[in-house]
Every structure is written in structure tokens, then in C-alpha cells.
Amino acid sequence: MTNSSPTPAPSIATKKLTFKFPDLTTGLQDITLDLPPQSRTLLIGANGAGKTTILRLLSGKRMAPSGTVSIGGVDPFAQGLEGVTYLGLEWVLNPIVRSDIDVPTLLSSVGGDAYPERRDELVSILDVDTAWRLHAVSDGERRRVQLCMGLLRPWKVLLLDEITVDLDLLSRHNFLQFLKRETETRECTIVYATHILDNLADWPTHLVHMSLGRVKKWGPIDGFETDAQNAATKQDAKSGNSKLGQLVLQWLREDIEERGPRGGQASQGKTYESHEGKGGYGNEKKA
């Protein structure tokens, strides 16, 4: 009988994570987080706050300093780790997914035949037409196909970077409900960076508020209830936003006031040399 080590529970932790770009400007400053298994974390912050940078570090697409990132108690850069999936906006710009290729071929290429029930459920939830050819559909429809491809194989950690921006309201609602059900029925963990708060009032278990490469606040959603209520009271009651939406609006206003006028200030989200394709850990999806 072969001995095998148990798959670690998919917690996500960082310890004093600091990251500098090649030009030596700081992208992240001293970030410490501890997100438990089966949590659903919203990563909140203005453009340039460092959200994409931290997601790429967690996914293995960028190299993090030794000992600063832990997935399920394992340093993924030292030991390797499977089951981490990152989905970002770049995919729809890939010329391959704008070519004359059909949906069934794409889904088969990432294991759709091995997970037929999961494949069919995702096709239904995201309202994907299997007759689509990718050169003849909209970016929103391509995004639905990307989500089907990226989520086909069961993942342990899912990192989403503004991935629902092209989805209509119903598709986004169905997608978020699917993700919530995933974390409630199996051991998996999600971190989701977004500016779109529709249908999210009851979705997250944790919040992380980032600004200028730092984490200003983080913790379980229940710990923000008073702040959210106070933000909702201060703002226009007719705005139509949820308490979560009002809290995020207040945070962003405070962040802009703290930052001041841009005045040529560099963005934290600028591009830099990628670790992608250079031994990134796990079976992260390249779709």
C-alpha cells in the first residue's frame, strides 16, 4: 500500500509579504493575512491598490519572497502545490480564443470529458451555447466560456481578478451562487477582487481592504457590520446601495483623500516580468 500525505486544507496566509517591481518601486508592503478554508473573501480597493499583484503572487504567476505565502500551511514556492486556479481579464485578449474554434473543443481540451456533470452544470449556469464559435461572439460570451474552462476541474483555491466585469446581471448572480455552493459543500477557498457589488451583500465571509499596496483592514464580514451600518446611515438612503456597497464607497473615498491627486504617481497595477510559464506551482489554469 502506498502512503500518501493528505491534501492540506486550503487556507491562504501571507506573512509580512512585501513585493517590489523591477524598477524597485514597492507594489506590496508588509501584508499579513490568514484566510481560513472554505472562506469567500472580497478583495476591495481602488484601481492601483495592489489587488492584482497579490492575486498573482498567491497564484504562483509571480515569485513571492521565501516564507511569505502559505497555501494550506505549505510554502508553494518551496514545495509546489496543486489545485490553485487564477482567472483574470487577459484571457479574452488571447488571439486563440478569438479564432474560429468551437466551445465543445475548448471544454474537452481542459478535461470536460472527465467531468461531464460539472461541465454540463457550468454550461447551464453560465448560459453558454455549445454551438458558439469564439471568433463570432462577444467578450461577455467569451468570458462565460473562460469561466467554464477555468472551473471544470475541481480546485482547492480560486483567485478571481475582476472576472465578472463582462457578465450580465443574471449570469453574474448564477455564477456567484455556484461559487458559494462550492465552498459550502467541499473544501475550497476563494479570493475575489471586484468593483462590482451586485448580489454580493450575503456572499463574502471575509473582507480585505487594500490601498496603495497595503492592507488597511481585514477580517470576517461580521466584524464590519457596525462600520457598514454607520456608512449606510451617513450616505444617501435613496442611493440603492446595500450596506456593503455603502461601506466600500466610504473606504474608496477615504483612500482617494489619503492618496491625494495622482500627479503622475505610478500605478501599483503596472506590468512587470511574469513568473508565469517559468515553473509556477500547481495545476493553475492558463486559460
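This is a predicted model: local features need pLDDT of at least 70, side-chain atom pairs count only at pLDDT 80 or more; totals for chains, interfaces and linings use all residues.
Entry 1. On the side of helix 5 the contact is made by R144, L147 and L151, and on the side of helix 6 by S171, F175, F178 and L179. Sorted by class, this contact has five nonpolar residues, one polar and one charged.

Entry 2. I then turned to helix 4 (residues 116–125) and helix 6 (residues 169–185), which pack at an angle of about 145°. Their axes are 9 Å apart. Helix 4 contributes R118, E121, L122 and I125 to the contact, while helix 6 contributes N174, F175, F178, R181 and E182. Here I count by class four nonpolar, one polar and four charged residues. F175 and F178 of helix 6 are listed in the contact with helix 4 and also in the contact with helix 5.

Entry 3. I asked which residues have the most contacts inside the largest nonpolar core. They are V145, L151, L160, L179 and Y192, in a core of 47 residues. Helix 5 (residues 139–151) supplies the largest share of this core, namely five residues. Apart from this core I found another, of 26 residues, with I31, L43, L81 and V157 among them. As general background, nonpolar side chains in soluble globular proteins tend to be buried together.

Entry 4. I followed Y192 further. Leaving aside residues up to four places away in sequence, Y192 touches T41, L42, L43, L160, I163, T164, L176, L200 and W203.

Entry 5. T164, one of those partners of Y192, lies in the loop between strand 6 (157–161) and helix 6. Is T164 buried or exposed? Its relative accessibility is 0%, so T164 counts as buried. With the same exclusion of sequence neighbours, T164 touches R172, F175, Y192, T194 and I196. For T164 and T194 I noted a C-alpha to C-alpha distance of 8.0 Å, across 30 residues in sequence.

Entry 6. I searched the whole structure for disulfides and found zero. I also looked up two cysteines. C148 is buried at a relative accessible area of 2%, and C188 is buried at 0%.

Entry 7. L24 is not a glycine, yet it has a positive phi of about 75°. L24 is found in the loop between strand 1 (12–20) and strand 2 (26–35). Its relative accessible area is 64%, and L24 is therefore exposed, the cut-off being over 50%. D30, also a residue other than glycine, has a positive phi near 50°. I place D30 in strand 2.

Entry 8. Last, I took down totals for the protein. Its secondary structure comes to eight helices and nine strands. Of its 287 residues, 49% are buried. Among contacts with a separation of 6 or more, 74% join residues 24 or more positions apart.

Conventions: Residues are numbered from 1 along each chain as its sequence is written. Side-chain values use heavy atoms; hydrogens and water are left out. Axes are lines fitted to C-alpha atoms, for helices over the stretch in contact, and angles run from 0 to 180 degrees between N-to-C directions. Helices (H or I, at least four residues) and strands (E, at least two) are DSSP runs, numbered from the N terminus. Contact means heavy atoms within 4.5 Å. Ala, Val, Leu, Ile, Met, Phe, Trp, Tyr, Cys and Pro count as nonpolar, Asp, Glu, Lys and Arg as charged, and the others, Gly among them, as polar. A nonpolar core is a set of buried Ala, Val, Leu, Ile, Met, Phe, Trp, Tyr and Cys residues joined through side-chain atoms within 4.5 Å. Buried means under 20% relative accessible area, exposed over 50%, partly exposed in between (1.4 Å probe, protein chains only). A disulfide is a pair of cysteine sulfur atoms within 2.5 Å.
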